[in-house]
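Dear colleague,

I am passing on the structure below, and after it you will find my notes on how the chain is built and packed. Please read them beside the model.

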Amino acid sequence: MRYITSLFKKEIDNSELFKTNPDLTNVKGWTMGFIYRMQEKGLEVYQKDIEQEFNISRSTATELLQNLEQNDFLTREVSLTDGRLKRIVLKDKAIKLQEAVIETFNQVENKLLDGFSREEQEILFNYLGRIRKNLEGKD
């Protein structure tokens, strides 16, 4: 398992996207990915959502979001539903980057599944789902 995990990480890290964006850390990527998914669902995202999703302190979230804002990945705007709150909105630069990340992961996934039949893929995903539940501690 460790070897497969290492190969997967190496494949991602060696992709053109990650070679040309060395400042794209896991934490920044996960954060932008979370905001991207919420925006795709039409939901507003606030700092408290980032804190809860990643189980981080307010000060850590503030530092992370300020860094992403300084790097022109996001902006904070007055909420459409509550003028007291600032919603977090990805800029075009971050949206394009997130779409490239999704494409990169899809390419790696296709490479991983090359040579597997549809039935074998379903079995694999079933096993991986069970592993995920074990790791998350869910029955």
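**Contacts, fold and packing**

Among contacts in the chain (heavy atoms within 4.5 Å) between residues at least 6 apart in sequence, 50% join residues at least 24 apart. This is a predicted model, in which local features need pLDDT of at least 70 and side-chain atom pairs count only at pLDDT 80 or more, while totals for chains, interfaces and linings use all residues. Residues are numbered from 1 along each chain as its sequence is written, and side-chain values use heavy atoms, with hydrogens and water left out.

The chain holds seven helices and two strands, where helices (H or I, at least four residues) and strands (E, at least two) are DSSP runs numbered from the N terminus. Read from the N terminus, the order of these elements is α-α-α-α-α-β-β-α-α. The C-alpha atoms fill a box of roughly 50 × 40 × 25 Å along the principal axes, and of the 139 residues in the chain, 28% are buried (under 20% relative accessible area, with a 1.4 Å probe and protein chains only).

Leaving aside residues up to four places away in sequence, Ile35 touches Val45, Ile50, Leu74, Ile88 and Leu90.

Two helix pairs deserve a look. H3 and H6 pack at an angle of about 100°, with their axes 10 Å apart (axes are lines fitted to C-alpha atoms over the stretch in contact, and angles run from 0 to 180 degrees between N-to-C directions), and the two helices are therefore roughly perpendicular (65 to 115 degrees) to each other. On the H3 side the contact is made by Gly29, Met32, Gly33, Tyr36 and Gln39, and on the H6 side by Ala94, Ile95, Leu97, Gln98, Glu99 and Ile102.

Helix H4 (residues 47–54) packs with H5 at an angle of about 115°, their axes being 9 Å apart, so H4 and H5 are likewise roughly perpendicular. In this pair, Gln47, Ile50 and Glu51 of H4 meet Arg58, Ala61, Thr62 and Leu65 of H5.

Best regards

Definitions and conventions: Angles under 35 degrees count as roughly parallel, over 145 as roughly antiparallel, 65 to 115 as roughly perpendicular and the rest as oblique. Buried means under 20% relative accessible area, exposed over 50%, partly exposed in between (1.4 Å probe, protein chains only).
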